[in-house]
Amino acid sequence: MTTIIWLTARENGTCKSRYKKRRQHTVQIKRQEKILLKKVACALSGCNERVLKTSGK
């Protein structure tokens, strides 16, 4: 007779899924910071976003 022992998955997931979650969080923060910088640059320069894109800032 064979006894099968099922191992339950760890609560936090696999190593790869934890990495993906951390990476997603860092990318989201960088994206939010970039948007905020654009808003600040637009507010300080008095120009709209199209002008800032063409000037290369």
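Predicted model: local features only at pLDDT ≥ 70, side-chain atom pairs only at ≥ 80, totals over all residues.
A disulfide is a covalent bond that links the sulfur atoms of two cysteines. How many disulfides does the structure hold? The count is zero.

## The chain as a whole

The protein chain contains two helices and zero strands. Of its 57 residues, 4% are buried.

What about the surface? The accessible surface of the protein chain is about 6100 Å², and carbon and sulfur atoms account for 59% of that area.

## Following helix α1

Helix α1 covers residues 15–45, a run of 31 residues. From its first C-alpha to its last, α1 reaches 45 Å, close to the 45 Å expected at 1.5 Å a residue.

What comes after α1? You will find glycine 46 there, with a positive phi near 80°.

## A nonpolar patch

Which residues form a nonpolar patch on the surface? They are Leu36, Val40 and Leu44, and together they have about 330 Å² of accessible area. An α-helix has 3.6 residues a turn, so residues three or four places apart point the same way.

Take leucine 44 as one member of the patch. Leucine 44 sits in helix α1. Is this residue, leucine 44, buried or exposed? Leucine 44 counts as exposed because its relative accessibility is 73%.

Definitions and conventions: Residues numbered from 1 in each chain as written. Heavy atoms only, no water. Helix = DSSP H or I, 4+ residues; strand = E, 2+ residues; numbered from the N terminus. Buried < 20%, exposed > 50% of the residue type's maximum accessible area, 1.4 Å probe, protein only. Areas by Shrake-Rupley, 256 points an atom, 1.4 Å probe, with all protein chains shown as cover. Disulfide = S-S within 2.5 Å. Patch = residues over 30% accessible without salt bridge, like charges linked within 9 Å, V, L, I, M, F, W, Y side chains within 5 Å. Salt bridge = Lys/Arg side-chain N within 4 Å of Asp/Glu carboxyl O. Expected span 1.5 Å × (residues − 1).
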